[in-house]
Amino acid sequence: MKILVTGAAGFIGFHLSQLLLEKGHTIVGIDNINDYYDVNLKYARLKELGIAQKDAEEFLTFSTGEKYGKAFLFVRMNLEDRKALPELFRNQSFEVVVNLAAQAGVRYSIENPEAYVDSNIVGFLNVLEGCRNNNIKHLLYASSSSVYGENKKVPFSTVDNVDFPISLYAATKKSNELMAHTYSHLYGYATTGLRFFTVYGPWGRPDMAIYLFADAIAKDKTIKVFNNGNMSRDFTYIDDIVKGIEILLQNPPKKIGDRPAYKISNIGNGDPESLSDFIKAIETSYGKEAKKEFLPMQAGDVPQTWADISEIEKLGYKSTTGIDKGVAQFIKWFKSYS
């Protein structure tokens with residue numbers, strides 16, 4: 001199968017590309033390699049996929065590597081590019097698109113809202129149009145558990161009301177779901193929204209909690225523990241996340257009566273852990289206790305997340321990685337990378 005993966009130099013996009021390539025698919029990866037966080041990490045991920053930095057740096061230049069040969073083609077590109085992206089769709093004849101490119105980060109959306117509208121709204125519209133105009137069978141796209149906002153009912157189900165986001169990031173993800181529903185209804189192609197729950201693991205972003213905590217411990221600095229540590233998260237290891245995407249890729253939604261071929265799926269662990277226990281797992285794996293500063297809740301943050309994964313479990317999904325094992329794998333990678 002020929003698959004477009006946007007955000008291929010990102011955390012989830014890199015791991016998904018790697019998995020799909022090992023399964024024998026042909027992947028075209030795009031990424032704008034923006035500087036929201038250290039671009040060296042993005043180039044290092046691409047190197048793992050066989051793409052040299054000197055080849056990846058130039059915009060709109062296609063490159064391949066020895067590792068996967070013609071099975072993996074990479075091009076640096078912005079989703080907002082209304083000339084280059086449609087040309088890519090026309091020339092490459094994708095069967096499936098997995099849109100993981102987005103401006104990430106809840107807290108950063110408060111500081112730089114324009115970046116979220118450009119990438120997450122305008123860019124996503126361009127992807128929808130590319131699928132519409134090029135006979136794409138199935139579009140999967142990254143949503144987020146942040147759409148649940150301050151939902152008190154747990155676990156969070158895809159049938160819950162998500163009309164009250166508390167960050168612009170969450171609002172853009174909810175917007176993506178509404179836009180996808182509209183395109184499925186109007187143009188008949190299948191769309192699947194992926195609500196990810198607190199993804200972590202090797203090659204993770206430097207702005208994510210586990211990376212920030214490990215880095216602070218390594219440098220003997222203080223870690224910031226928000227809401228005085230009274231938070232829980234449905235921490236989900238990256239290998240479980242990409243296996244979930246692969247399962248959903250193989251099971252596109254079908255049109256039933258007047259209902260379009262549209263689906264939303266949680267991909268999580270289904271077993272939330274306290275932030276305190278997560279920090280303890282990091283300390284244990286690193287072999288060093290963290291210095292902690294306890295702070296109030298930050299704007300746009302939520303006290304808990306918990307995924308109802310019963311629907312995706314019916315398709316064969318199973319989250320198999322607990323935090324002790326997952327954190328240990330991250331710390332092993334972190335020590336080798338840093």
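A few ground rules come before the tour. The model is predicted, with local features needing pLDDT of at least 70, side-chain atom pairs counting only at pLDDT 80 or more, and totals for chains, interfaces and linings using all residues. Residues are numbered from 1 along each chain as its sequence is written, and side-chain values use heavy atoms, leaving out hydrogens and water.

Start with the sheet. Helices (H or I, at least four residues) and strands (E, at least two) are DSSP runs, numbered from the N terminus, and two strands pair if DSSP finds at least two bridges between them. At the S12 end, strand S7 (residues 190–196) runs parallel to S12, and six bridges join the two. Gly-193, for instance, has Ile-264 in S12 as its bridge partner.

Now for the helices. Axes are lines fitted to C-alpha atoms, for helices over the stretch in contact, and angles run from 0 to 180 degrees between N-to-C directions. Helix H1 (residues 11–22) meets helix H9 (residues 238–249), the axes coming within 9 Å and crossing at roughly 60 degrees. That makes H1 oblique to H9 (under 35 degrees is roughly parallel, over 145 roughly antiparallel, 65 to 115 roughly perpendicular and the rest oblique). The crossing of this pair, H1 and H9, is right-handed, a label used if the near helix is turned clockwise from the far one by less than a right angle, with anticlockwise being left-handed. Contact (heavy atoms within 4.5 Å) involves residues including Phe-11, His-15 and Leu-19 of H1 and Ile-241, Lys-243 and Leu-249 of H9. By class, the contact of H1 with H9 has ten nonpolar, one polar and two charged residues; Ala, Val, Leu, Ile, Met, Phe, Trp, Tyr, Cys and Pro count as nonpolar, Asp, Glu, Lys and Arg as charged, and the others, Gly among them, as polar.

Helix H12 (residues 323–337) packs against helix H10 (residues 275–286) at an angle of about 50 degrees, with the axes 9 Å apart. H10 and H12 are therefore oblique to each other, and H10 passes H12 in a right-handed crossing. Among the residues in contact are Phe-278 and Ile-282 of H10 and Val-327, Ile-331 and Phe-334 of H12. Nine nonpolar, one polar and three charged residues make up the contact of H10 with H12.

H12 also meets H8, where the axes come within 11 Å and cross at roughly 55 degrees. H8 is thus oblique to H12, and the crossing of H8 and H12 is right-handed. This contact takes in Tyr-211 and Asp-215 of H8 as well as Val-327, Ile-331 and Phe-334 of H12, among others. The contact of H8 with H12 has ten nonpolar, no polar and one charged residues.

On to the rings: the structure holds 21 aromatic pairs. Rings of Phe, Tyr and Trp (its six-membered ring) pair if their centres lie within 6.5 Å, with planes under 30 degrees apart counted as stacked, over 60 as edge-to-face and the rest as tilted. Phe-14 and Trp-203 have ring centres 5.6 Å apart and planes at 65 degrees, so the pair is edge-to-face. Phe-14 sits in H1 and Trp-203 in the loop between strand S8 (199–200) and helix H8 (209–218), so this pair ties together parts 189 residues apart in sequence.

Two loops hold backbone details. A cis peptide bond joins Val-154 and Pro-155, with omega about -5 degrees, and Pro-155 is in the loop between strand S6 (138–142) and helix H7 (168–187). Ile-33, a residue other than glycine, has a positive phi near 50 degrees; Ile-33 is in the loop between strand S2 (26–31) and helix H2 (39–48).
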